[in-house]
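Student: I'm new to this one and would like a close look at a single part. Could you take me through a pocket and then a couple of residues elsewhere in the chain?

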Amino acid sequence: MEGVDCSMALADAAAGSPRDLSLVPERLQRREQERQIEVERRKQKRQDQEVEEEKSGFFAAAFARERAAVEELLRGEASAERLEEAANRLQGLRKLLNDSVLFLAAYDLRQGQAALAQLQAVLTERRQELQPKKRFAFKARKKDAAGTAQVDAAPVASAAPSPPVTKEEEGAPGASWACGFSNLESQDLEKRAEELHQRDVLLSDLTNCTVKLCGNPNTLRLAKARGCKVLCGPVTTSVFLEDCRDCVLAVACQQLRVHTTKDTRVFLQVTSRAIVEDCSGIQFAPYTWSYPGIDKDFQDSGLDRSKNNWDQVDDFNWLARNVASPNWSILPEEERDIQWD
């Protein structure tokens with residue numbers, strides 16, 4: 001009621017001479033100004049909320065439409081052309097999600113990331129279904145040609161003493177989308193751009209190894225590593241760490257998830273928010289590794305180099321919003337100067 005009286009008094013004063021304003025107490029003038037400011041603030045807040053709701057609605061509709069299109073391509077009869085179109089549409093979905101990070105709620109963002117990860121897993125599975133199944137027969141022919149009975153009788157695992165490659169890589173070049181290293185200790189390992197381009201990389205059961213991946217993989221998974229240094233170029237989609245100890249990882253990616261890992265430093269460029277779960281002693285710093293050709297690999301990956309949320313981390317085991325998680329921290333600047341080579 002007092003606010004109404006104040007407004008009426010000011011209106012009456014404004015209708016008279018300028019001197020009439022002096023009849024209105026200064027306190028009422030100040031209160032009227034505050035009221036007008038509050039009205040404008042609420043009006044602006046409503047407008048901003050309407051804009052955010054409009055953006056969110058557009059994102060939800062566009063994401064659902066493109067997601068359905070990708071699912072349809074993956075559901076039909078597998079062919080190289082259909083899977084290539086699915087991969088291109090999936091890349092568009094990632095860009096849509098990345099461009100919408102600023103106004104999406106945390107829950108919606110996680111849902112979108114989960115949907116992308118699921119679609120990528122299905123795409124990888126369908127790609128593998130298209131791969132020829134005669135590569136092992138091809139290996140058998142090579143063994144027959146050698147005319148060595150002992151080699152014929154040996155299991156596939158007998159190839160392990162040769163230079164470390166996955167079973168998929170032992171076939172014809174480009175015959176599979178997977179590659180990596182496993183079950184090695186105290187070795188320097190490297191793969192180049194032509195070996196990595198849009199392939200899924202698995203590194204597992206490595207101890208005291210240095211791994212350099214100079215190229216653009218599609219995904220990267222590091223599991224059961226101990227005391228390793230892993231340097232990786234831009235990864236188009238997701239990077240997963242699981243059951244690692246005392247490692248150093250340098251990577252750029254769309255999404256990072258760290259699970260059951262301890263005392264590990266991550267030099268990171270990521271377009272979404274990193275996720276840690278069941279972890280301790282994880283330290284983050286900006287991505288600083290470089291190598292010849294990294295600019296082209298970033299371009300091929302579709303990652304936005306100007307967008308880096310390296311210090312934006314969600315800990316699924318820590319729900320207190322106003323207290324920092326004890327499971328991860330920012331690596332001090334004086335400890336970031338690493339001689340990668």
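Tutor: Let's start with a term: helices (at least four residues) and strands (at least two) are DSSP runs, numbered from the N terminus. Keep in mind that this is a predicted model.

Where does the lining come from? Helix 4 (106-130), strand 13 (313-315) and strand 14 (328-330) each give at least two residues, and strand 13 has the largest share, with 3 residues. Sorted by class, the lining of this pocket holds 9 nonpolar, 2 polar and 5 charged residues.

Next, have a look at K191, which sits in strand 2 (residues 188-191). K191 has a relative accessible area of 3%, and buried means under 20%, so K191 counts as buried. Along the chain, K191 and G215 are 24 residues apart, yet in the model their C-alpha atoms are separated by 7.8 Å.

Is Q198 buried or exposed? The relative accessibility of Q198 is 19%, and the cut-off for buried is under 20%, so Q198 is buried too. The side chain of Q198 also has a partner: a polar contact of 2.6 Å links it to the side chain of T236.

Terms used:
Residues numbered from 1 in each chain as written. Predicted model: local features only at pLDDT ≥ 70, side-chain atom pairs only at ≥ 80, totals over all residues. Heavy atoms only, no water. Nonpolar A, V, L, I, M, F, W, Y, C, P; charged D, E, K, R; others polar. Buried < 20%, exposed > 50% of the residue type's maximum accessible area, 1.4 Å probe, protein only. Polar contact = N/O pair within 3.5 Å; in protein donor to acceptor, adjacent residues only side chain to side chain.
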